[in-house]
Amino acid sequence: MIIHTLTNDEFDEFYSLVEFMVKEAEFKDAEPDRQMIWNMCQSPDGVVFLAKNEGKLVGFLAALKQRYFFSPKERVTDMGFYVLPMLS
């Protein structure tokens with residue numbers, strides 16, 4: 001298993017996994033917005049970590065640095081995470 005930050009070349013693969021996640025999740029009525037996701041990935045305050053197993057994308061964690069709504073203090077919060085189910 002290798003974990004690394006998303007590169008621009010991996011965006012399409014990452015976006016496909018986001019679409020897969022949304023289809024099976026409780027928020028499946030929300031349509032993923034490709035441009036919105038791209039903007040978060042390109043933001044200096046955003047980061048996406050990918051998990052790959054034998055070269056195949058199996059999971060991700062997206063995070064964003066932001067301020068609390070009630071304070072100027074900053075924090076990092078997850079924007080979403082997903083791991084493909086293990087098949088035996």
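**From a buried glutamate to the sheet and its core**

The side chain of Glu10 makes a polar contact of 2.8 Å with the side chain of His4. A polar contact here is a pair of N or O atoms within 3.5 Å; within protein, one atom must be able to donate a hydrogen and the other to accept it, and residues adjacent in sequence count only if both atoms are side-chain atoms. The model is predicted, so local features need pLDDT of at least 70 and side-chain atom pairs count only at pLDDT 80 or more, whereas totals for chains, interfaces and linings use all residues. Residues are numbered from 1 along each chain as its sequence is written, and side-chain values use heavy atoms, with hydrogens and water left out.

Glu10 also has a polar contact of 3.0 Å with the side chain of Lys52, again through its own side chain. Glu10 is located in the loop between β1 (2-5) and α1 (11-24); helices (H or I, at least four residues) and strands (E, at least two) are DSSP runs, numbered from the N terminus. With a relative accessible area of 10%, Glu10 is buried, a term that means under 20% relative accessible area, against over 50% for exposed and partly exposed in between (1.4 Å probe, protein chains only). Apart from neighbours within four places in sequence, Glu10 is in contact (heavy atoms within 4.5 Å) with His4, Thr5, Leu50 and Lys52.

The sheet comes next. Its 4 strands form an open sheet in the order β1-β2-β3-β4, with antiparallel pairing; two strands pair if DSSP finds at least two bridges between them. β1 and β4 stand at the edges with a single partner strand each, so one side of each has no neighbour in the sheet. On average, neighbouring strands are turned by 20 degrees against each other, direction ignored.

Strand β2 (residues 46-53) is joined to β3 (residues 56-67) by 8 bridges, and Ala51 has Gly59 as its bridge partner in β3. These two strands form a hairpin with 2 residues between them, and Glu54 in the turn has a positive phi of about 55 degrees. Between β3 and β4 (residues 74-83) there are 9 bridges. In β4, Thr77 is the bridge partner of Leu64, and Asp78 is that of Ala63. The hairpin that joins β3 to β4 passes through 6 residues.

Helix α2 (residues 34-42) lies across β2, β3 and β4, running at about 100 degrees to β2; axes are lines fitted to C-alpha atoms, for helices over the stretch in contact, and angles run from 0 to 180 degrees between N-to-C directions. Asp33 caps the N-terminal end of α2, placing a side-chain oxygen 3.0 Å from the backbone nitrogen of Gln35. The buried residues of α2 pack against α1, β2, β3 and β4.

Finally, the largest nonpolar core has 21 residues, and those with the most contacts inside it are Phe14, Cys41, Val48 and Phe60. Such a core is a set of buried Ala, Val, Leu, Ile, Met, Phe, Trp, Tyr and Cys residues joined through side-chain atoms within 4.5 Å. The elements giving two or more residues to this core are α1, α2, β2 and β3, and α1 gives the most, with 7 residues. Not counting residues up to four places away in sequence, Phe60 touches a set of residues including Phe14, Leu17, Val48 and Phe81.
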